[in-house]
Amino acid sequence: MAISAADVKKLREMTGAGMMDCKKALTETDGDFDAAIEFLRKKGLASAEKKAGRIAAEGVVATVISADDKTATIIEVNSETDFVAKNEVFTTYVEGLAKQINDGDYADVEAFKAAQSAIDPSATVEEHHKAMIAKIGENLTIRRFEKVTGDVVVSYIHMGGKIGVLVNAECDAPNDNVKEAMKNIAMQIAAMNPSYVRREEISEEKLAKEKDIIVSSSLADPASLPKPILNAVIAEAIENNKWSDEDKAIYEEKKSNMNFLFNFLSDEATQALRDIADSHKAEYLENKIFAGLVEGRFSKHLKEICLVDQTYVKAEDKESVKQYVEKVAKENGVNFSLKSFVRFETGEGLEKKNEDFAAEVAKQMA
């Protein structure tokens, strides 16, 4: 029989299940609502959709690596609470998803969700996922995954799944020492959160943007400006009456020791200096002292965001990650270089709700 949109809408309102699930249930039961509800309940779908509107910003990151250490998958699945994220049923489920991705070939999350579930072959990944939502009682979200292949891949999970890292390397003869070194580097990535393996990966457009940010942030920090420039900016603020009489008096009192001046100036006076400095941006970039300050800060920033330039955290002699990799390669007689890495942190970029459990209980009792 023909199933109308109104019937689908009605069943969805009755059960909270998804529209496609409701349509399938009505089709399978020839439009019998009671049978359709039973159909959805048996599939564990009757309450899943109602939970889908709730924020899922906790969860876990899991990794799976093939037996030959050449293929690995990292996945993030979110839950509403940290309590569920630590539940063995949930973590086992996430590991099963990661294994299926690692064994298969899926373009993205949507393609994966549409595929047959390896955990429950009678359902798609999405259908089984909704059943898990109903079973666990919280909204769960398969947020993202990434699969990598290479000569050798290692993984590291930090804080029980709060952070996960994959490191992919080129190596002609990877041994246990190389893998241990990669594990150490994975720990570094978890802690230091670099954005790139090396500077060559950063586009010219991105470099220019990052440098402009450094320039602007330097101009916005008057206290760190080279003294000749700072004196000129202050003189302009006073001459153009950008400062109050009180700020001018503070300056006269403290100018013999400029280190403490900004502890006493008003916020308005400091902002006036920022505005004046920014108005002379092009001019100050021609100043060798200011240009040197910017280059120094830019170089430091690149060192922070590029993995191989970072100081290796376990080194006693302050060697860089690049030097550490070269040392491991030499000691083991192999060609060894870092190719790529993936770092997932649970809930990064997601809004987290503040739970007031006492208020929630009181509300339910009322």
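Where is Thr71 found? Thr71 is in strand S2.

## Basis of the model

This is a predicted model, in which local features need pLDDT of at least 70, side-chain atom pairs count only at pLDDT 80 or more, and totals for chains, interfaces and linings use all residues. Residues are numbered from 1 along each chain as its sequence is written, and side-chain values use heavy atoms, with hydrogens and water left out.

## Overall build

The chain holds 17 helices and six strands. Both are DSSP runs numbered from the N terminus: helices are H or I with at least four residues, strands are E with at least two.

The radius of gyration of the chain is 29 Å, while a compact globule of 366 residues would be near 21 Å. That radius is taken over C-alpha atoms, and the globule rule is 2.2 Å times the number of residues to the power 0.38. Along the principal axes, the C-alpha atoms fill a box of roughly 85 × 65 × 40 Å.

## Burial, contacts and charge

Of the 366 residues, 43% count as buried. Buried means under 20% relative accessible area, exposed means over 50%, and partly exposed lies in between (1.4 Å probe, protein chains only). The chain exposes about 20,200 Å², and carbon and sulfur atoms supply 49% of that area. Accessible areas come from the Shrake-Rupley method with a 1.4 Å probe; for residues, only the protein chains shown count as cover.

A contact means heavy atoms within 4.5 Å. Among contacts between residues at least 6 apart in sequence, 65% join residues at least 24 apart. The chain carries 49 positive and 65 negative side chains, and the centres of the two sets lie 2 Å apart. Lys and Arg count as positive, Asp and Glu as negative; His and the chain ends are not counted. Each charge is placed at NZ of Lys, CZ of Arg, CG of Asp or CD of Glu.

## Aromatic pairs

Rings of Phe, Tyr and Trp (its six-membered ring) pair if their centres lie within 6.5 Å; planes under 30 degrees apart count as stacked, over 60 as edge-to-face and the rest as tilted. The count comes to five aromatic pairs. One of them joins Phe112 and Phe145 edge-to-face, at 6.0 Å centre to centre with 75° between the planes. Phe112 lies in helix H7 (residues 109-114) and Phe145 in strand S3 (residues 141-149), so the pair ties together parts that are 33 residues apart in sequence.

Phe112 and Phe145 are both buried. Ring pairs also link Tyr106 with Phe112 and Phe145 in a cluster.

Is Thr71 buried or exposed? Thr71 counts as buried because its relative accessibility is 18%. Beyond residues up to four places away in sequence, Thr71 touches Val64, Ile65, Ser66, Asn102, Lys147, Val148 and Thr149. Ile157 is 86 residues from Thr71 along the chain, and their C-alpha atoms are separated by 17 Å.

Gln116 sits in the loop between H7 and helix H8 (125-136). Gln116 is exposed, with a relative accessible area of 54%. Leaving aside neighbours within four places in sequence, the contacts of Gln116 include Gln100, Pro121 and Ala123.

## Positive phi in loops

Asp69 is not a glycine, yet its phi is positive, near 60°. Asp69 is in the loop between strand S1 (60-65) and strand S2 (71-78).

Lys318 is not a glycine either, and its phi is positive at about 65°. Its place is the loop between helix H15 (288-305) and helix H16 (321-332). Lys318 counts as exposed, at 64% relative accessibility.
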